[in-house]
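Here are my notes for a first look at this model. Have it open beside you as you read.

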Amino acid sequence: MASIKDVARIAGVTPTTVSRVLNNRGYISEATRQQVYGAMQQLNYQPNRIARSLQSSRSDIVAILVPDSGSMFYGGLISQVERQCRKRDKRLLLCNSFTDPHLEREYIRILNGQGVDGLIVCSHTLDIEHYERVPFKLVTFDRILPDVPMVASDNFAGGQMAAKRLIDKGCTKLLHISGPMTNARLAGHDRYRGFADYCNAHGVKYELFQTDDKFDYAYYQSFVADRLQGKLPQFDGAFCSNDMLAYALYRYAVSCGCRVPQDLKIVGFDNSQFVRILADPKITVIAQDEAALAEALVQNVLDPQNAPPITTVPVRLIEGTTA
């Protein structure tokens with residue numbers, strides 16, 4: 001296995017110069033830098049990232065804590081976050097909480113001992129105090145923590161867009177299916193507020209149904225079947241807080257003989273990969289910008305001192321066949 005001395009010998013420089021190239025320290029001419037890179041390639045030399053992290057007090061690792069990477073939206077967001085990390089020569093460590101506070105607490109304990117450069121918090125089962133004394137940098141997605149930068153889509157505007165779309169299409173009896181409203185620090189509240197404000201301003205009645213904090217399609221199927229049994233004819237428009245839920249509602253409506261969009265118009269939220277590849281139906285959706293969210297999350301967690309308290313990423317409506 002090649003060593004840093006071997007690289008120096010092939011490149012015709014000192015081991016110190018190779019180290020400075022690897023750690024991007026001090027002035028190195030471009031010619032010398034290319035000599036070192038050429039020698040590394042010739043020897044198939046892989047820098048010892050652990051040793052470099054010990055020297056620099058950086059791990060070059062960013063962690064992300066999500067409720068469930070199996071969720072279509074979080075799967076897409078994680079992929080974009082990893083792209084942004086690699087652009088900055090960082091590695092991404094994935095942690096799934098599965099909405100279990102004990103597991104989330106355990107991950108925080110483990111990360112405390114790993115010296116990660118920062119943590120992107122997308123999970124939201126633990127109280128604030130569990131994050132108050134962590135030694136690494138924090139940024140949150142769709143959740144407010146005191147003195148911690150937050151990145152979020154413009155959820156209020158998204159809720160308004162959904163209500164406007166349904167009302168413009170002639171709906172007068174609306175349904176909103178959201179996640180749990182038990183935590184006012186979460187994004188679902190802003191989506192609901194935007195939706196409710198627009199409905200109230202236009203004199204349109206609506207009803208709210210809340211799911212548990214789950215991201216499983218089988219659960220969504222069961223939820224809509226149980227909660228909407230015998231009630232579906234009461235509504236002519238629905239706004240669902242994620243794509244999978246919108247599709248579950250669509251399938252249930254069709255199974256009940258309800259025509260979409262003639263009898264019931266449906267708007268989803270996210271524009272996850274699931275919706276993008278779904279041929280029939282093409283769900284009308286409020287789209288989050290995964291790439292822009294990921295770029296802001298990574299930038300802010302690596303440089304929180306210069307991060308704004310809240311970074312809001314615009315959303316847009318993508319027309320489909322369901323509304």
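1. A word on terms before the strands come up: two strands count as paired if DSSP finds at least two bridges between them. Helices (H or I, at least four residues) and strands (E, at least two) are DSSP runs, numbered from the N terminus. This is a predicted model, where local features need pLDDT of at least 70 and side-chain atom pairs count only at pLDDT 80 or more, while totals for chains, interfaces and linings use all residues. Residues are numbered from 1 along each chain as its sequence is written, and side-chain values use heavy atoms, with hydrogens and water left out.

2. Start with strand E10, residues 284-287. Thr 284 and Ile 286 point one way, Val 285 and Ala 287 the other, and all are buried (under 20% relative accessible area with a 1.4 Å probe, protein chains only; exposed is over 50%, partly exposed in between). In a regular strand, side chains alternate between the two faces of the sheet.

3. Now look at what E10 pairs with. Strand E9 (residues 265-270) runs parallel to E10, joined by four bridges; here Phe 269 has Ile 286 as its bridge partner. Strand E12 (residues 316-318) is antiparallel to E10, with three bridges, and Val 285 finds its bridge partner in Ile 318.

4. Helix H3 (residues 30-43) has 14 residues and reaches 20 Å from first C-alpha to last, close to the 20 Å expected (1.5 Å times one less than the number of residues). Its buried residues are Thr 32, Arg 33, Val 36, Ala 39 and Met 40. They sit on the same side of H3 because they cover an arc of only 125° around the axis (taken from the directions from the helix axis to the C-beta atoms). The face turned away carries the exposed Ala 31, Gln 41 and Gln 42. Just after H3, Asn 44 has a positive phi of about 55°.

5. Helix H6 (residues 101-112) has 12 residues and spans 17 Å, close to the expected 16 Å. Which residues of H6 are buried? Glu 104, Ile 108 and Leu 111. Seen down the axis, they fall within an arc of 70°, so they line one face of H6. An α-helix has 3.6 residues a turn, so residues three or four places apart point the same way.
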